[in-house]
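Here is a short tour to read alongside the model on your screen. Have the viewer ready so that you can pick out residues as they come up.

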Amino acid sequence: MLKIKRTSLIKVLFSNCLVLYVEIHALPCYNNTKYVFRGVITMSAITAKEIRDKFLNFFQKKDHLLIENASIIPKNDPTLLFINSGMAPIKRFFTGEERPKSPRLCNIQPCIRTIDIDEIGDKHHLTSFQMLGSWSINDYFKEKAIALAYEFLTDYLKIPKDKLYATVFSGDSDMGLDEDIEAKEYWEKAGMPKEHIVSCGKDDNFWGPTSETGPCGPCTEVFYDTGKGKEYVLGGEFDTKERYIEIWNAGVFMQLNKNSDGTYSRLEFTSVDTGAGLERLAMVLNGYESVYETDMLAPIKEKIENSIQEKKGEIGLSQRQIRILTDHLRTISLILSEKVKPSNEGRGYIPRKLIRKCIMIVMTSRLNDFNFDEIIEFVVDKYSELYPNFKECKKLILSEFAKESCQFKKVLEKGLEILNEIKSKTSKISGEQAFELVTTYGVPFDIIMDYASNSGMKVDEGEFKDKLERHKEISKKSDVNSQNEKNIDLEKFNIFPPTIFKGYEDNETKASILNILVNGDKQTDNLKIGDKLAVILDCTCMYAESGGQVADEGFIINGENKIRIYDVKKTKKDVFVHLGILESGDGNLKLKEKVLVKIDTERRKMLANNHSAVHLLQSALREIFGKDIHQCGSKVEQKILRFDFNYDKNIEENDLFRIEKTVNAYIRENIEQKTEIKSL
């Protein structure tokens, strides 16, 4: 009989084959002879496509309907900038707003998450990834979901059972929720050893909702034991940073609804949402050290490394920086392929932030000739089968990246010059210096923080935030147009019903006085000539400043009393506040008294012309420069108009002539004007 003393294993990856060199040392047997057996075992590395196919085949055999994946841009969901989970595009099924074709569904969904953006560059965090998802909607629940997960991982993917651990929700007294004992019991029933089931808090094992309110519930996650780091002992620390890597959220158990007051109530029906990151699963199944060794990311990483070596003869970036570039350039390409352009707010801020991070990395490493176009073109060509928009939008992706990087390089060059000068003198960036870099030179604060982190420096964030707040307060004060407006808190008028607006039909109307304030806060019915007034009426024909158009001017008249209105503001609840001065009369105006409201019709006509001109101008710009032109803002006044729009090239003199000619041609058509009030 052969008794094994120890084995040694060396792992090398050649092409698509995993080669294991095995050395087995046996204990002395007959005649005290020692035996050493050496040999090579060759295993095929599993590709991302093979994992995808296995996943879909398994769940389709279990009666799950395969559904199409959605765009990364959410539809009719203002709570998300990007699709961040497989469940997000089908959220309506979980709320009961819509019924799915089948109660059991599966697919593979591209996702974008930036919540862990500071972790990018480690072994397994990514901003974009492929999510393997399966769902049960008002069908099976915890027991079946856990059994399916264990079967798929152990039977289909052949992961050794002793390598798997599961976490369950430990409960939370603040939330008023108990421990998920059921999930524990079902894992044991499926075959998971009790000592491999770990109870964790809400941060790890309670999911959702995707916004402030909505469906949510406890979840159970599956981890793979890499064998490196501190081993878990029942009740002890569960090391998810190094040793245990999450490979699957095997069940978000949708059984609760988070209400607007922060409490939780039971949903009318229960559902299960599962999700596994394809890149992370491929990392574990192939025994890789990071997701960047998988066939989903390794080609990009190698392309970047080769590009740097060709130019410098050696790699001039750290492994973390190369990983960040690998992740960010794939994500940037994906976002730009959906025609989301870099901008300072909303969805467009994400590609802007990622592009700037990439530029920051190469410029601080003095790789000023780094060819981003070459890498992006490679990404687009290599992954066009996985992301169909890549082929169609290749030129757009390259041009948008080039424009954004060109603009930011100019900002960063001056910013880096100043930062390097600070670094040569001290290890701390003061709040004053950071504030000047942001407000004077346009260097984003997160870029300053990145520079400091990479240079071993500190930033006085507290001082920076204080200066920024003071700057905002000064800006607010300088934006107030009159002393009267400074003293008026518009929102206190929300106690009145919304003002009925008749200005689309009438230039004058009769109304009742609901409230009059003198100099912002004093209420009286004994007014004096020259008093500055804020008047609330039950209805009005005067337009309140909105949508870039300034307010109407005119008069409120009651007998000899005449109030000249110079501005009209509107509260969030549509109460119109008429700001004016008592010009004549005895000032004897009482609440509920009838008045005549008259607008300055000549001024209104000029405003209307300029308002129409804004729309004609936009139409002309789109006709001349393309349908991607869209309005970013406007200001419509009596004698001038301003129109803000997105365009990345200079408007030449001959372009101005074409625009003017096109707008005038529209005007000469003399199209009939109609007014229709419709619901949204």
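The report below goes through salt bridges, a helix, some strand pairing and a pocket.

## About the model

This is a predicted model, in which local features need pLDDT of at least 70 and side-chain atom pairs count only at pLDDT 80 or more, while totals for chains, interfaces and linings use all residues. Residues are numbered from 1 along each chain as its sequence is written, and side-chain values use heavy atoms, with hydrogens and water left out.

## Salt bridges

The whole structure holds 37 salt bridges, each one a side-chain nitrogen of Lys or Arg within 4 Å of a carboxyl oxygen of Asp or Glu. One of them joins Glu151 and Lys62, at 3.2 Å from N to O. This pair links distant parts of the chain, 89 residues apart: Glu151 sits in helix α3 (residues 142-156), and Lys62 in the loop between α1 (48-61) and β4 (65-66). Helices (H or I, at least four residues) and strands (E, at least two) are DSSP runs, numbered from the N terminus. Glu151 is partly exposed at 26% relative accessible area, and Lys62 is partly exposed too, at 24%. Here buried means under 20% relative accessible area, exposed over 50%, and partly exposed in between (1.4 Å probe, protein chains only).

Asp139 and Arg104 form another salt bridge, with their closest N and O atoms 2.5 Å apart. Asp139 is in the loop between β6 (128-137) and α3, and Arg104 is in strand β5 (residues 104-112), so this contact ties together parts 35 residues apart in sequence. Asp139 is partly exposed at 33%, whereas Arg104 is buried at 18%.

Is the pair Asp180 and Lys142 buried or exposed? Asp180 is buried, with a relative accessible area of 5%, and Lys142 is buried at 4%. Their closest N and O atoms are 2.8 Å apart, which makes a salt bridge. Asp180 belongs to the loop between β7 (164-169) and α4 (181-190), and Lys142 to helix α3, 38 residues away in the chain.

## An enclosed helix

Helix α9 (residues 349-364) has 16 residues and spans 22 Å from its first C-alpha to its last, close to the 22 Å expected at 1.5 Å a residue. That expected span is 1.5 Å times one less than the number of residues. Because 13 of its 16 residues are buried, α9 is largely enclosed by the rest of the structure. Arg366 follows α9 and has a positive phi, near 60°.

## Strands around β12

Strand β12 (residues 264-277) pairs with β6 in the antiparallel sense over seven bridges; two strands pair if DSSP finds at least two bridges between them. Trp135 has Asp273 in β12 as its bridge partner.

Strand β11 (residues 244-258) also runs antiparallel to β12, joined by seven bridges, and Leu256 is partnered by Arg266 in β12. Five residues separate β11 and β12 in their hairpin, and Gly262 in the turn has a positive phi of about 90°.

## Residues around a pocket

Which helix gives the most to the lining of the second largest pocket? It is α17, with ten residues. Both α17 (601-625) and α18 (653-668) supply at least two residues each.
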